[in-house]
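Subject: Structure handover

Hello,

Here is the structure I said I would pass on. Please open it first and then read the notes below with it on screen.

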Amino acid sequence: MPAKHRVAVIGGGPAGLMAAEELASAGFAVTVYDRMASVGRKFLLAGRGGLNLTHSEPLEAFVTRYRPAPPRLVAAIRAFPPEQLRAWCEALGQPTFVGSSGRVFPKAMKASPLLRAWLRRLRSVGVAFALRHRFAGWDDAGSLVFVRPDGTTVTDKPDATVLALGGASWPRLGSDGGWTEMLGRAGVAVVPLQPANCGFRADWSAEFGARRGGAPLKRIAVTFGARTVRGEAVITQDGLEGGAIYALSGPLRDAIASVGDATVTMDLRPDLGEVELAGRLAGRRKKETLSTALRKHAKLPPPAIDLLRESAARAGVRVADLPPAQLARLIKAAPLRLLAASSIGRAISTAGGVSFDAIDDRFMLRQRPGVFVAGEMLDWEAPTGGYLLQASFATGIAAARGAIDFIRGRASVS
Ligand SMILES: Cc1cc2nc3c(=O)[nH]c(=O)nc-3n(C[C@H](O)[C@H](O)[C@H](O)COP(=O)(O)OP(=O)(O)OC[C@H]3O[C@@H](n4cnc5c(N)ncnc54)[C@H](O)[C@@H]3O)c2cc1C
């Protein structure tokens, strides 16, 4: 028997583990290196929110959610589409279901049973794990260099390498974006990492943040430009976060970068028309305070009332001075000025990364033959809804197949 070809997968998140499975199943000797003491930490965290694995919408619509959506990313998703991901999950003993929003979750609504079964399968096909190995780059002989926690170094020179080092959000889980400098030095084009699906700092008073920080705003709609997103948001000490804000975070971040700020409008009663709302507010009794009237007639909870006051105050207006029609207009479209994206460390995901121009059709770095890239470290972004994990899994498979082709001596098509 000829000796097995060896592949190093660096990064044990969804992308790296998927690459490892594909490679080991094809008969390669695979070692997964990770800097942390265990793999899949961000995957486990995603499981705390129910583990939204993918989305059930038609593939043609699905692939439009990515921006940028380079043909290589789209091809990878077409080659490993949502229904295959669901079948894979099912084969690991974790059936999935489609939620009311079209999002797909494992029935267990968490990641731990899936990860446990997956790691068992990976070990059964011979995948080895080298944990607490931080990848630090290549030495002059072209070997991979890893640093152990005690400062000692370990080198490896496999037949191919898959890098799946993740983005830079939640760095304590392992992905800190430290690779950007390393790859930049190696001449690889890397688009600067930025927060995606993130909260924003808002132009409001410290008193308001202190008073209402942590309060949820349920059943609202947020509009920026031509896009309106219904959902929920959360008031933070210094701004806003939550699903409805995350969904707009790409355009908001870009607008702030180009003009310095971005104003969204928040509809605090999206199910009620402005005229109906004005009529209800006009029924306010003389003895009723404004807060009582807003609570009783407009059915606004106290944090939403305070938000309305804050929004009006920023425009130099007192809510108490507004006639019902204007008050209704404000409830339907309270302007909120956002000043900056929250820190990348607190974001759900990361935009930017290794440019698709830096890789060929096999997901191999043009600057480093034999080195493949997968997952969130590539330059794409997408909203929450399962698109992040789907792209991570699919590019993990694409990079592994690229490595298999490379080792088997097949020519690249680009
Ligand atoms: C709170 C939260 C909830 C989320 N929920 C969802 C969800 O429900 N649905 C969804 O689609 N997405 C979700 N995501 C996003 C999703 O988890 C990520 O997009 C996905 O994990 C990216 O996979 P990856 O393999 O590319 O990177 P990661 O999962 O980040 O894995 C990268 C791995 O590389 C290792 N590594 C990094 N640098 C080095 C180094 N120098 N040397 C060695 N190892 C290194 C890290 O330790 C890590 O194990 C969520 C994210 C967060 C933060």
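A place to begin is the end of helix H1: the helix is followed by Gly 27, whose phi is positive, near 100°. Please keep in mind throughout that this is a predicted model.

Helix H1

H1 covers residues 14–25. It has twelve residues, and from its first C-alpha to its last it reaches 16 Å, close to the 16 Å expected at 1.5 Å a residue.

Glu 21 is worth a separate look. Its relative accessible area is 9%, and buried means under 20%, so Glu 21 counts as buried. What does Glu 21 touch, not counting residues up to four places away in sequence? The residues are Trp 88, Trp 118, Arg 121 and Leu 122.

The ligand

How many residues surround the ligand? There are 30, and the closest are Asp 34, Asn 52, Ser 175, Glu 376 and Leu 389. Sorted by class, the shell has 14 nonpolar, eleven polar and five charged residues.

- Ala 15 has a polar backbone atom 3.0 Å from an oxygen atom of the ligand.
- Arg 35 has a backbone N or O atom 3.1 Å from a nitrogen atom of the ligand.
- Asn 52 has a backbone N or O atom 2.8 Å from a nitrogen atom of the ligand.

On its own the ligand has 1000 Å² of accessible area, and the protein covers 93% of this.

The protein as a whole

The protein has 414 residues, and buried residues make up 53% of them. It contains 15 helices and 19 strands. Along the principal axes, its C-alpha atoms fill a box of roughly 90 × 40 × 40 Å. If you count the contacts with a separation of 6 or more, 69% of them are between residues 24 or more positions apart. The protein exposes about 18100 Å², and carbon and sulfur atoms supply 52% of that area.

Asp 306 is in helix H13, residues 302–314. Is Asp 306 buried or exposed? With 10% relative accessibility it counts as buried, because the limit for buried is under 20%. Leaving aside neighbours within four places in sequence, Asp 306 is in contact with Phe 208, Arg 211 and Arg 212.

Ser 355 is in a loop, between strand E18 (349–354) and strand E19 (371–373). Its relative accessibility is 11%, so Ser 355 counts as buried too. Apart from neighbours within four places in sequence, Ser 355 is in contact with Ala 189, Val 190, Val 191 and Asp 379.

Backbone details

The peptide bond from Arg 67 to Pro 68 is cis, with omega near -5°. Pro 68 is in the loop between helix H3 (59–62) and helix H4 (71–79).

Met 109 is not a glycine, yet its phi is positive, about 55°. You will find Met 109 in the loop between strand E5 (103–106) and helix H6 (112–124). It counts as partly exposed, because its relative accessibility is 36%.

Arg 132 is not a glycine either, and it has a positive phi of about 55°. It lies in the loop between strand E6 (128–130) and E7. At 43% relative accessibility, Arg 132 counts as partly exposed.

Regards

Note on methods
Residues numbered from 1 in each chain as written. Predicted model: local features only at pLDDT ≥ 70, side-chain atom pairs only at ≥ 80, totals over all residues. Heavy atoms only, no water. Near = heavy atom within 4 Å. Polar contact = N/O pair within 3.5 Å; in protein donor to acceptor, adjacent residues only side chain to side chain. Areas by Shrake-Rupley, 256 points an atom, 1.4 Å probe, with all protein chains shown as cover. Helix = DSSP H or I, 4+ residues; strand = E, 2+ residues; numbered from the N terminus. Nonpolar A, V, L, I, M, F, W, Y, C, P; charged D, E, K, R; others polar. Expected span 1.5 Å × (residues − 1). Buried < 20%, exposed > 50% of the residue type's maximum accessible area, 1.4 Å probe, protein only. Contact = heavy atoms within 4.5 Å.
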